[in-house]
Amino acid sequence: MSGQSLLVPGEITPVRSVPGNIRRPEYVGKPAPTPYTGPEIQDSDTVERMRIAGRIAAQAMEEAAKHIAPGVTTDELDRVAHEFMIDHGAYPSTLGYRGFPKSLCSSLNEVICHGIPDSTVLRDGDIVNLDVTAYINGVHGDNNATYLCGDVDEESRLLVERTRESLNRAIKAVRPGRQINVIGRVIESYAKRFGYGVVRDFTGHGINSSFHSGLIVPHYDSPQATTVMQPGMTFTIEPMLTLGTHEYDLWEDGWTVVTKDRRRTAQFEHTLVVTENGAEILTLP
């Protein structure tokens with residue numbers, strides 16, 4: 001188990017600018033997005049645009065991850081991803097979403113999700129989740145991954161490796177005609193082999209022209225998740241596994257979610273489209 005001290009909030013830099021010629025999602029400048037009322041099944045044109053958005057998001061995350069090293073701030077990672085998306089004509093979807101102030105989420109160690117990039121300095125032995133979403137041509141592409149910073153302890157390294165594997169197994173379980181709950185069943189059964197907690201209150205989601213369409217994709221075996229997958233459906237799978245409890249606390253910033261026992265947690269995510277034979281990953285670099 002890592003002996004790292006627990007995280008505390010850092011200083012947040014001013015909001016980064018976006019050129020006026022880059023199209024904004026409709027929620028920017030509003031307290032909340034307009035509820036999505038469109039279909040969960042997308043036409044081929046929308047899926048093709050989502051491939052472009054997904055590729056930019058994946059590349060931006062990859063570029064930011066190259067800078068993960070002891071001594072680098074999470075704000076610097078945000079800058080790298082922000083500039084990459086802007087340079088490729090995309091808007092960083094998190095920037096201004098329900099007031100979120102940055103262009104990616106940076107969640108370290110005990111942070112489950114939605115960490116705000118700030119003056120926090122990465123330390124040798126940290127695990128670092130980056131969550132990047134790009135908006136271009138009217139659609140979003142959303143992905144995240146957990147990275148190792150320097151010399152990471154074996155327990156944390158295995159957590160990261162197995163969380164990635166849980167996503168891979170869940171993607172393989174996607175098939176037209178199956179209920180959404182098969183995804184959570186596969187993730188939860190795999191996580192239980194190692195005694196990991198599976199976060200329940202933060203889920204995968206439908207995504208298209210809407211950042212979060214209303215479709216819920218739980219990562220545990222939820223009997224309520226009876227939606228039947230059909231070709232053309234687009235959604236994310238993003239399991240969050242923990243070394244201890246799945247319960248959480250929320251920082252005063254209203255965003256940063258940390259494990260209640262402050263043990264470490266990892267997450268991986270892809271945006272997918274259901275195909276006739278399974279799933280295509282739309283967030284590939």
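Residues are numbered from 1 along each chain as its sequence is written, and side-chain values use heavy atoms, with hydrogens and water left out. Because the model is predicted, local features need pLDDT of at least 70 and side-chain atom pairs count only at pLDDT 80 or more, whereas totals for chains, interfaces and linings use all residues.

Let me begin with Asp-118, which is buried and yet has no salt bridge, the nearest side chain of opposite charge being that of Lys-102, 9.2 Å away. Buried here means under 20% relative accessible area, exposed over 50%, and partly exposed in between, with a 1.4 Å probe and protein chains only; a salt bridge is a side-chain nitrogen of Lys or Arg within 4 Å of a carboxyl oxygen of Asp or Glu.

Turning to the salt bridges, the structure holds 20 of them. One joins Glu-154 to Arg-157 at 2.8 Å, N to O, and both residues count as partly exposed, Glu-154 at 45% relative accessibility and Arg-157 at 28%.

A second salt bridge brings together Arg-200 and Glu-188 at 3.9 Å, N to O; here Arg-200 is partly exposed at 34% relative accessibility, while Glu-188 is buried at 16%.

Finally, Asp-249 forms a salt bridge with Arg-262, the closest N and O atoms being 2.8 Å apart, and Asp-249 is partly exposed at 22% relative accessibility, as is Arg-262 at 29%. Salt bridges that share partners also join Arg-16, Asp-75, Asp-78 and Lys-102 into one network.

Methods: Lys, Arg positive; Asp, Glu negative; His and termini not counted.
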